[in-house]
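Please read the report below alongside the sequence and the 3D view. The report goes from helices to contacts and then to charged pairs.

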Amino acid sequence: MWEMIRDIATAICLVVGSLMSFAAALGMLRFPDLLSRMHAATKPQVLGLLLLLMAVALQTGSWATVPILIFAWLLQLVTAPVSAHMVSRAGYRTRHLNRETLERDELDAVVAAHSDRED
Amino acid sequence: MLTVAAWISGILLGLATVLVIVRIMRGPSILERAIAMDVLLAIIIAALCIDMAVAGHTDHLAFVVLACVLGFIGSVTISRYVTDRRNS
């Protein structure tokens, strides 16, 4: 009984987790510009990884591996925003964004004020 | 049940890999390619996790932790050295 419930939960975690990767790849291909592609790219990195690590924890069934799995997930959770920030910063500086799709550009005023002060 | 789930997720990951590689080939800038490589690394991590869950072992655990760090270092390094050459 418990074996079957565990297997069903694992199967759901596996399929939904890999669906996240597929959704990200579809978004990478279909979305128009850099910022919206970055939005799609973070799905498998955080939620997909959580689901797949939960599947691993359910199937191995020992508490010894759980801290390592939590460590891997926390590592991804901490580093994903930093790398996304760096990529979007480089994208903004090299003007790889479509100004028409932006509702509001708060960074524009900051950059303009900073370059005024430098001059 | 687990084998069926593994087949479904394997097919999904294969399709995702093809789409990401198309984006890496097409990507207008190096930043798009960096993000697509990140997604490719996430797909590799997903495949390792599926293998661990289905076979019930923990052999790839060290590589899963390592790959998380590797993706971070890669995309930060690439975006650090991207500059606008049209102005200079």
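What follows describes a predicted model.

## Annotated spans in chain B

The UniProt record, an unreviewed entry, marks residues 6–22, 34–55 and 61–82 of chain B as "transmembrane region". Two of these spans can be set beside the model. Residues 6–22 of chain B are 100% helix and 0% strand, with 24 Å between the end C-alpha atoms. Residues 61–82 of chain B are 91% helix and 0% strand, and here the end C-alpha atoms are 33 Å apart.

## Where the two chains meet

How much area do chain B and chain A bury between them? The figure is about 4,000 Å², and 79% of it is on carbon and sulfur atoms. In chain B, the residues that lose the most area to chain A are B:L19, B:R23 and B:I35, which together make up 13% of what that side buries. The contact involves 48 residues from chain B and 48 residues from chain A.

Polar links across this interface can be counted too. Three residue pairs are in polar contact between chain B and chain A. On the chain B side, α1 (2–26), α2 (30–55) and α3 (61–80) each provide at least two of the residues that touch chain A. The largest share comes from α2(B), with 15 residues. Sorted by class, the side of chain B that touches chain A consists of 33 nonpolar, nine polar and six charged residues.

## The salt bridges

Side chains of opposite charge can pair when their charged atoms come close. Over all chains, the count is two salt bridges. Between chain B and chain A, the count is one.

Which residues form the bridge between the chains? They are B:E32 and A:R37, whose closest N and O atoms are 2.6 Å apart. B:E32 and A:R37 are both buried.

A second salt bridge joins A:R6 and A:E3, with the closest N and O atoms 3.8 Å apart. Both residues belong to helix α1 (residues 2–30) of chain A, where they sit three residues apart, about one turn of the helix. A:E3 counts as exposed because its relative accessibility is 52%. The other pair, by comparison of location, crosses between chains: B:E32 lies in helix α2 of chain B and A:R37 in helix α2 (residues 34–60) of chain A.

## A buried alanine

A:A72 is part of helix α3 (residues 66–93) of chain A. Its relative accessibility is 2%, so A:A72 counts as buried. What does A:A72 touch, leaving out residues up to four places away in sequence? In chain A the neighbours are A:L49 and A:L53, and in chain B they are B:V64, B:V65 and B:C68.

Definitions and conventions:
Residues numbered from 1 in each chain as written. Chains lettered and ligands numbered in written order. Predicted model: local features only at pLDDT ≥ 70, side-chain atom pairs only at ≥ 80, totals over all residues. Heavy atoms only, no water. UniProt positions renumbered as here; feature names shortened; annotations may be inferred. Helix = DSSP H or I, 4+ residues; strand = E, 2+ residues; numbered from the N terminus. Contact = heavy atoms within 4.5 Å. Buried area = accessible area lost by both parts, 1.4 Å probe. Salt bridge = Lys/Arg side-chain N within 4 Å of Asp/Glu carboxyl O. Polar contact = N/O pair within 3.5 Å; in protein donor to acceptor, adjacent residues only side chain to side chain. Nonpolar A, V, L, I, M, F, W, Y, C, P; charged D, E, K, R; others polar. Buried < 20%, exposed > 50% of the residue type's maximum accessible area, 1.4 Å probe, protein only.
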